[in-house]
Amino acid sequence: MKIDVKNLMKRIPGTGDFISVDPEKCIGCGRCTVVCVMNLWLLREGVAQLVEDYQEKCLECAACYSVCEPDAIQFRYPKGGTGIIYEQG
Ligand code: SF4
Ligand code: SF4
């Protein structure tokens, strides 16, 4: 049986920025680009950056934050009542 993931999720807009990268600390290893299942990271001239609309697509899994060895990524969950909500049927 195929699970319709989109119907299990609801997005509440207005998250504001909740992930950022410090370009001074980024070593361009590309781990964040590999681990993000939503493909929200790009490497530009050896520095990681998020796609512009990441706030609307991010699953808030924090995988990017977890794999970044030099601690270049700052992650916090979106402010209360915004972001992604997983619903169970
Ligand atoms: S995992 Fe961290 S150091 Fe590696 S490319 Fe991404 S932000 Fe840069
Ligand atoms: S929290 Fe997860 S979905 Fe969001 S940018 Fe990081 S790896 Fe991608």
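This is a predicted model: local features need pLDDT of at least 70, side-chain atom pairs count only at pLDDT 80 or more; totals for chains, interfaces and linings use all residues.
Ligand 1 is surrounded by 14 residues, of which Cys 26, Cys 29, Cys 32, Ala 48 and Cys 68 are the closest. Around ligand 2 there are 13 residues, and Cys 36, Cys 58, Cys 61, Ala 63 and Cys 64 come nearest. The shell of ligand 2 holds 12 nonpolar residues and one charged residue, with no polar residue.

The protein contains three helices and six strands. Read from the N terminus, its elements follow the order β-β-α-β-β-α-α-β-β. Along the principal axes, the C-alpha atoms occupy a box of roughly 45 × 30 × 20 Å. Of the contacts between residues at least 6 apart in sequence, 63% connect residues at least 24 apart.

Buried residues account for 17% of the 89 residues in the protein. In soluble globular proteins, nonpolar side chains tend to be buried together. The largest nonpolar core consists of 12 residues, namely Ile 19, Cys 32, Cys 36, Leu 40, Trp 41, Ala 48, Leu 50, Cys 58, Cys 64, Cys 68, Ala 72 and Ile 73. Within this core, Ile 73 can be described by its contacts: when residues up to four places away in sequence are left out, Ile 73 touches Ile 19, Val 21, Cys 32, Cys 64, Tyr 65 and Cys 68. Cys 32 and Cys 68 belong to the core and are also among the residues closest to ligand 1, while the core members Cys 36, Cys 58 and Cys 64 are among those nearest to ligand 2.

Technical notes
Residues are numbered from 1 along each chain as its sequence is written. Chains are lettered from A and ligands numbered from 1 in the order in which they are written. A nonpolar core is a set of buried Ala, Val, Leu, Ile, Met, Phe, Trp, Tyr and Cys residues joined through C-beta atoms within 7 Å. A residue is buried if 20 or more other C-beta atoms lie within 10 Å of its own, exposed if 12 or fewer, and partly exposed in between; C-beta atoms are placed from the backbone. Two residues are in contact if their C-beta atoms, placed from the backbone, lie within 7 Å. A residue is near a molecule or strand if its C-beta atom, placed from the backbone, lies within 6 Å of it. Ala, Val, Leu, Ile, Met, Phe, Trp, Tyr, Cys and Pro count as nonpolar, Asp, Glu, Lys and Arg as charged, and the others, Gly among them, as polar. Helices (H or I, at least four residues) and strands (E, at least two) are DSSP runs, numbered from the N terminus.
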